[in-house]
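Colleague: I would like to learn how to read a model of this kind, feature by feature. Could we go through it together, with the general idea before each case?

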Amino acid sequence: SALASTTDSSTELAQVVDDLLTQLNTKFSAVSSELLGKMDDMSKRLDSLEATIQGTGEKGAGGAK
């Protein structure tokens, strides 16, 4: 009886740990996807800003001559 109780507790603990790991994995995947999306968005904004600055610089240099 004591052995059966210990086995049940072990199985229950294993299930709780497994559920916790699954939740953490899900949250990590969500955060990872969100972070990659924000980095991609930031990269596009920087490219756009760089293009704008280069365009302004070329116009300014051309107008000065």
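Modeller: Let us begin with burial: this is a predicted model, and of the 65 residues in the protein chain, 0% count as buried. A residue would need under 20% relative accessible area to be called buried.

Colleague: What does the protein chain have in the way of helices and strands?

Modeller: The chain has 1 helix and 0 strands. That helix is α1, which covers residues 2-64.

Colleague: Which residues form a nonpolar patch on the surface?

Modeller: The patch is formed by Leu13, Val17, Leu20, Leu21 and Leu24, which together have about 470 Å² of accessible area. Leu20, one of these residues, lies in helix α1, and because its relative accessibility is 47%, Leu20 counts as partly exposed.

Colleague: How should I read salt bridges, and how many does a search of the whole structure find?

Modeller: The general idea is that side chains of opposite charge can pair when their charged atoms come close. In this structure, a search of the whole model finds 3 salt bridges.

Colleague: Where in the helix do Lys38 and Glu34 sit relative to each other?

Modeller: Lys38 and Glu34 are 4 residues apart in helix α1, so about one helical turn separates them. Their side chains meet in a salt bridge, with 3.4 Å from N to O, and Glu34, at 47% relative accessibility, counts as partly exposed.

Colleague: Which residue forms a salt bridge with Asp40, and how far apart are the closest N and O atoms?

Modeller: The partner of Asp40 is Lys44, and their closest N and O atoms lie 3.6 Å apart. Both residues belong to helix α1, where a spacing of 4 residues amounts to about one turn. Asp40 is partly exposed because its relative accessibility is 42%, whereas Lys44, with a relative accessible area of 54%, is exposed.

Notes. Residues numbered from 1 in each chain as written. Predicted model: local features only at pLDDT ≥ 70, side-chain atom pairs only at ≥ 80, totals over all residues. Heavy atoms only, no water. Patch = residues over 30% accessible without salt bridge, like charges linked within 9 Å, V, L, I, M, F, W, Y side chains within 5 Å. Areas by Shrake-Rupley, 256 points an atom, 1.4 Å probe, with all protein chains shown as cover. Salt bridge = Lys/Arg side-chain N within 4 Å of Asp/Glu carboxyl O. Helix = DSSP H or I, 4+ residues; strand = E, 2+ residues; numbered from the N terminus. Buried < 20%, exposed > 50% of the residue type's maximum accessible area, 1.4 Å probe, protein only.
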